[in-house]
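Me: I'd like to go through this structure with you. Can we start with the terms and then move on to the chains?

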2 protein chains.
Amino acid sequence: MDPTEVNIPDVKDMNIDNITKNTILINSQGPNARVKYLFERLVTHLHDFARETRLSTTEWKTALDFLVSVGQISSDVRHEFILLSDILGLSLLVDAIDHPKLPSSTEGSVLGPFHSHEAETIESGKDISSDPNGETCLVICTVKNPSGAPIEGVKIDIWETDSSGHYDVQYSEREGPDGRCVMKSDKDGNFWFKAIVPVSYPIPHDGPVGQLLKLLHRHPWRPAHMHFMFEKEGWDHLITALYITPDPYLTSDAVFGVKDSLIVSLGKVSAIQAAEYGVPEGTALITHDFVLVSDKETQSLRDQNALKAVADLFPGKKMKLLDHLPVPDVD
Amino acid sequence: MDPTEVNIPDVKDMNIDNITKNTILINSQGPNARVKYLFERLVTHLHDFARETRLSTTEWKTALDFLVSVGQISSDVRHEFILLSDILGLSLLVDAIDHPKLPSSTEGSVLGPFHSHEAETIESGKDISSDPNGETCLVICTVKNPSGAPIEGVKIDIWETDSSGHYDVQYSEREGPDGRCVMKSDKDGNFWFKAIVPVSYPIPHDGPVGQLLKLLHRHPWRPAHMHFMFEKEGWDHLITALYITPDPYLTSDAVFGVKDSLIVSLGKVSAIQAAEYGVPEGTALITHDFVLVSDKETQSLRDQNALKAVADLFPGKKMKLLDHLPVPDVD
């Protein structure tokens, strides 16, 4: 940006009391109301954090060095900043804000850093895991609308770890995707596949996020779960997971993902199911009925929640929605 | 951390309203009161930011990808997170908190990302710049206490760009330090050296911070300046700079460093000075008297400011200082 093109407020003699107001002013020269609002709130909170803690230069430098290391360990298959957001409860919060759920809908859970777009599209019945040490598990599901009508043609991403608690992308010498697939629901909303019984596992803790968990005296474990993501035009994008009970980490998930409504017990395949699905009787079984709500309903609920929240948070301040996201109403 | 070793509050069914309280609880298992307080405030502000902006999943992901790129462009000689902190006004704020100045003291300014510990120690009189295109500048300074008594043996780091506005560390094929040095003040508090007249320059804007400045319609320029850092046991560490007037960016420094008391005019070397310092008459001249205050006085002012600030910010909450930094007083 050519400095002669921009109209800048005078900033000189900044101190503890005037730096925030002036940083916000200098950040407010662009035309995008949402960008301005985001940076006004960001700078306010960042500065208030420093003022309230009287952040020392040493602590500030330690934090900035930590953030560099979080960026540097990240790669195409490891997003350490997502992991950091997960353990600080931010991922759960953002999902809850962006995908409010009507009581009829399946609840959401955290995406985590291990979803991959590299996954085979399979027909119902296939086995998604090649792990010889995993315990086979039959998974039989439906996807329906809140009235119970099936939704056909929903794209479903499914992913889980192997029996040692590692996702395929965590192996540097893997041959291809494993423990994950993409499916489509049939005309009755059904999809079913073979997998392995999910196991609890620690999130990657050999990097900066692991060091932070140690500093905070927290463990890195997640309870056993299987990830599901549902996409179909007209329906709200659902990122969720099923958690297996019993598990020692159901009440202390390192990334805050567990919801009671998403906890399932492992069943056993009956003789009739064994014949129908072509697996031995007594095989471990997960069944679940997922419920999607329409984009429109979610959008309307999100708008309503956003306006109510900012009205409660900033009484007396006029706010409006711009592309469904709040900004100050300065007209 | 072995999960059986820690006593974890139950976290399940997290939502917009309970995630903050529970994240703070789970982060509060360690013994260090300062760590607990820092993360309590951090999580509170991070979550409030998301709640107040109704941060969307897309915005969240854009921000996390941006932070990865800030980490990845960083290196031994480029700390892009310091640069990010600089342009968001955080660096100025932290310095102001950590190094409060008595009215008698020289004011501080931002360190910036280009200080290097690799610099030659020189005697007064040497030339710190080898740039043939720079305009020679004689710099004559003193360092004294608030009563005007000289301080001997202060270690002084000095650094500036070359005439093209680049620090030595920005050249990948440099032969050694240039445009920087370390000096000691003599028994009269004097130190003097030859350098080049500082020029205005843009902070590095070929990376993520440059993209952010563009998004915010901000220019990347800093007014011409020379950095000084003063260290001696018993005296408060002073990081500052002298800014040269006139300069088009004195009121719009991209990193908020300019203070009126640090602005100097270029003089011209007189015939007497020319003979004394061995430079041609009429050479550009900077003179400045720096004033240091004792560690003890600064510590006492910092403690006093910290207690007053948290009392004002959190009326009714009992706070105390731990190693001179505020924490809740829970005894």
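Predicted model: local features only at pLDDT ≥ 70, side-chain atom pairs only at ≥ 80, totals over all residues.

Me: Fine. What are the helix and strand percentages for residues 32–101 of chain A?

Reply: That span is 79% helix and 0% strand, and its end C-alpha atoms lie 29 Å apart. An unreviewed UniProt entry lists residues 32–101 of chain A as "domain: Catechol dioxygenase N-terminal".

Me: And what does UniProt list for 114–292 of chain A?

Reply: The name in the unreviewed entry is "domain: Intradiol ring-cleavage dioxygenases". Residues 114–292 of chain A are 8% helix and 32% strand, with 23 Å between the end C-alpha atoms.

Me: How is chain A divided into domains?

Reply: Domain 1 of chain A covers 1–55, and domain 2 covers 104–202 + 222–293. Their centres, taken over C-alpha atoms, are separated by 45 Å.

Me: Switching to the contact between chain B and chain A. How many residues does each supply?

Reply: Chain A gives 94 residues and chain B gives 94 residues. The two chains bury about 8800 Å² between them, and 69% of that is on carbon and sulfur atoms.

Me: How many salt bridges and polar contacts are there between them?

Reply: There are six salt bridges between chain B and chain A. One salt bridge joins K12(B) and D260(A), whose closest N and O atoms are 3.2 Å apart.

Me: Which elements of chain B supply the side that touches chain A?

Reply: Several give at least two residues each, including α1 (19–26), α3 (57–73), α8 (295–313) and β13 (325–328) of chain B. The largest share comes from α2(B), with 17 residues. By residue class, the side of chain B that touches chain A has 52 nonpolar, 23 polar and 19 charged residues.

Me: Back to salt bridges. How many are there over all chains?

Reply: The whole structure has 40 salt bridges. Among them is R302(B) with D98(B), the closest N and O atoms being 3.6 Å apart.

Me: Which parts of chain B does the pair of R302(B) and D98(B) tie together?

Reply: R302(B) is in helix α8 of chain B and D98(B) is in helix α5 of chain B, so the pair ties together parts 204 residues apart in sequence.

Terms used:
Residues numbered from 1 in each chain as written. Chains lettered and ligands numbered in written order. Heavy atoms only, no water. Domains from an automatic or database assignment. UniProt positions renumbered as here; feature names shortened; annotations may be inferred. Helix = DSSP H or I, 4+ residues; strand = E, 2+ residues; numbered from the N terminus. Contact = heavy atoms within 4.5 Å. Buried area = accessible area lost by both parts, 1.4 Å probe. Salt bridge = Lys/Arg side-chain N within 4 Å of Asp/Glu carboxyl O. Nonpolar A, V, L, I, M, F, W, Y, C, P; charged D, E, K, R; others polar.
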